[in-house]
Amino acid sequence: MQLQLMMSSGFNVFRVGISFVIMCSFYMPTVDSLLELSPQKYFSTLQPGKASLAYFCQADSPRTSVFLEELNEAVRPLQDYGISVAKVNCVKEEISRYCGKEKDLMKAYLFKGNVLLREFPTDTLFDVNAIVAHVLFALLFNEVKYITNLEDLQNIENALKGKANIIFSYVRAIGIPEHRAVMEAAFVYGTAYQFVLTTEIALLESIGSEDVEYAHLYFFHCKLVLDLTQQCRRTLMEQPLTTLNIHLFIKTMKAPLLTEVAEDPQQVSTVHLQLGLPLVFIVSQQATYEADRRTAEWVAWRLLGKAGVLLLLRDSLEVNIPQHANVVFKRAEKGVPLEFLVLHDVDLIISHVEHNMHIEEIQKDEDDDMEGPDIDVQDDEVAETVFRDRKRKLPLELTVELTEETFNATVMASDSIVLFYAGWQAVSMAFLQSYIDVAVKLKGTSTMLLTRINCADWSDICTKQNVTEFPIVKMYKKGENPVSYAGMLGTKDLLKFIQLNRISYPVNITSIQAAEEYLSGELYKDLISYSSVSVLGLFSPTMTTAKEDFSEAGNYLKGYVITGIYSEEDVLLLSNKYAASLPALLLARHTEGKIESIPLANTHAEDIVQIVTDALLEMFPEITVENLPSYFRLQKPLLILFSDGSINPQYKKAILTLVKQKYLDSLTPCWLNLKNTPVGKGILQAYFDPLPPLPLLVLVNLHSGGQVFAFPSDQAIIEENLVLWLKKLEAGLENHITILPAQEWKPPLPAYDFLSMMDAATSQHSTRKIPQCMKETDVQENDKEQHEDKSAVRKEPIETLRIKHWNRSNWFKEAEKSFRHDKEL
């Protein structure tokens, strides 16, 4: 408590002097670079009441170079807040609280005078924004309350009613630019308002925010609330969370809600005009003054933060206002004439202001030379999203940008992930955001180098890598052929692909103990969260062909499931334990704690892949946009239970019982939650008119006939009723409710080999024809034309040979669909 009081009082004195410090910075020299001091010298410089951030490290440590660059960038902004920054060089012989153990040398320390306030692991101070945000957050612990649930927010709100206002903000994570902006605002306004901060999406949703993807800031008007049972009014800041925007927003909150004027509107100036906001004058006269004032107050609350609202007293004016006008609109720009309007509805006034603000935003975009979105027929929603987020700054520095000159050298020097994209294509730019999100999650934890190459600039190198559509992600490892990512274009699936490829597959298990640890999930427990099923092939040492087929399948399954192989002399010990006749496959389901054995006699690689992919499917899954292709490829009628939320456990139990009793072997039973997958409502509307109440069980025969059958809504979804209904369907005694049109689901526009088109356009004098489909080769092989090595002989890659082998059957096409984003859906 004593330390807390000392920090609070000392910091208030320190804050009062900050304006003087900043003013004096124009006349006094400042230290722009990071001070380097010895421990003894550093502690002698600490002053009572003054904050200081120090990083203790060995003078010759190369591991700190990146962090020191960011710390150096933070020197100037922290100095602006009166906080000194120093690098303290420890000598190896010195042993102290801060220069002792190696783990202590990976931390930064914040002092107030000689008192240690907080220590920060350096991985939390990942850039200059994080450094400034964390330091101010630690100093402002009284002014900024961090909360995690609605109850805490309600308690703070109740305690401040009639006393002070609240500034509530949500940021996605501590240390990001939005968090820094809030902390800088709290530094200035923390004594006038109570700042409340959260990173919990659920808390933001609970106060009524629908768009929870971005940071939010609300102003809670609690000071005006005298009735403790009444909720504080809330005003949302609609601009992005930057220090300047928050400052301007708070300025508008401090301005009077409503001002009465009796002068020429052209001469009126308020803080709103100075901040670039328009003014709305509600014209009043003595006979209707009370009603006009109530209307003006209502408009003022609705336009708070967007415009200034004034009550214009017509009877006291010396200038003439058109008799019919009851609203005067004044823009913030100088020289723009007043608008005299007749608007008899509050919503019309609000709409007029917001419409004009929208026009100003569009004009500003045009002034910035921002072109409008060229929205393609098949990519309209994606293009719209990219255009909307065009000003979002991505941390592209977390990935290495490749060129034709650096591509080969980079991917040869390290294991690399390469994103091939086109800067002009909407899908590429949308996926680039997911790719950067993966880079953020892997920062400091992965040995894989994340890179990117813009094929719009370097089409030749992309063509040589067999890239004919965008975006494509490929993994390059030394001594191995490139592996293409064929999953969904999202952060979660790509992260899983990268993490599961940290090791080579199939894993060669060399002992019974290692095999048991592998099957229990202990051997690769850090990967279990990405793959809940582990596959182990059991073979005697002489089963060469069977092992080759399994290895081929394991290579194809890279990035989707963990596969291992055991082929030692004592393999019979494992096969006897799990009742598996060699060759065999063991499926370890970690979430269920079960191990299933499957014989592999006369089973080829493609059959093994299908066995594994089928094992990854759930018996009664929740269907989503992402997993639908995996179940759709089974070519079975879909038995779908539509629900508006979680399904009744009794329904689930009834259907799973029928699954185990083999009643549903010819169907794909699943359920769809309209709250998680809203597109399901559109599907139902295609089946029914009008839409019946939920839950609703439907059988859809997509693959033959297109008939849709509905389970009787007046019957309970129990085993007996379901069996009877299915028997009627089989006997043809049930009538369908609709028949889906027999049409192929294809993109509205055909796919194009864009790189071939670009090269053809730019190489008019070249007679060389670009092949339609190039073989995927190891980048370590030099291109003949580039290096003019005519004697170099290329070997056909194993990947190509495997594809040729599998093309002898139609299976490969189906297996490919299970992992590729199915464009026809």
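## Helix α8

A residue is called buried when its relative accessible area is under 20%. By that cut-off, ten of the 13 residues of helix α8 in this predicted model are buried, so the helix is largely enclosed by the rest of the structure. The buried residues are His-179, Arg-180, Ala-181, Val-182, Met-183, Glu-184, Ala-185, Ala-186, Phe-187 and Tyr-189.

The length of α8, which covers residues 177-189, can be checked against its residue count: at 1.5 Å a residue, its 13 residues should span 18 Å, and the C-alpha atoms at its ends are 18 Å apart, which agrees.

## Leu-697 in strand β28

Strand β28 runs over residues 696-700 and includes Leu-697, a buried residue whose relative accessible area is 2%. Leaving aside residues up to four places away in sequence, Leu-697 touches Leu-639, Ile-640 and Leu-641, as well as Phe-709, Ala-710, Phe-711, Leu-722 and Trp-725.

## Confidence along the chain

The protein chain has a mean pLDDT of 80, with 79% of its residues reaching 70 or more. Over residues 365-379, however, the pLDDT is below 50, and this stretch has 18 contacts in the model beyond near neighbours in sequence. Residues 765-825 also stay under 50 in pLDDT, and for them the model has 99 contacts beyond four places in sequence. Where pLDDT is low, the predicted coordinates should not be read in detail.

Definitions and conventions
Residues numbered from 1 in each chain as written. Predicted model: local features only at pLDDT ≥ 70, side-chain atom pairs only at ≥ 80, totals over all residues. Heavy atoms only, no water. Helix = DSSP H or I, 4+ residues; strand = E, 2+ residues; numbered from the N terminus. Buried < 20%, exposed > 50% of the residue type's maximum accessible area, 1.4 Å probe, protein only. Contact = heavy atoms within 4.5 Å. pLDDT = per-residue confidence, 0-100. Expected span 1.5 Å × (residues − 1).
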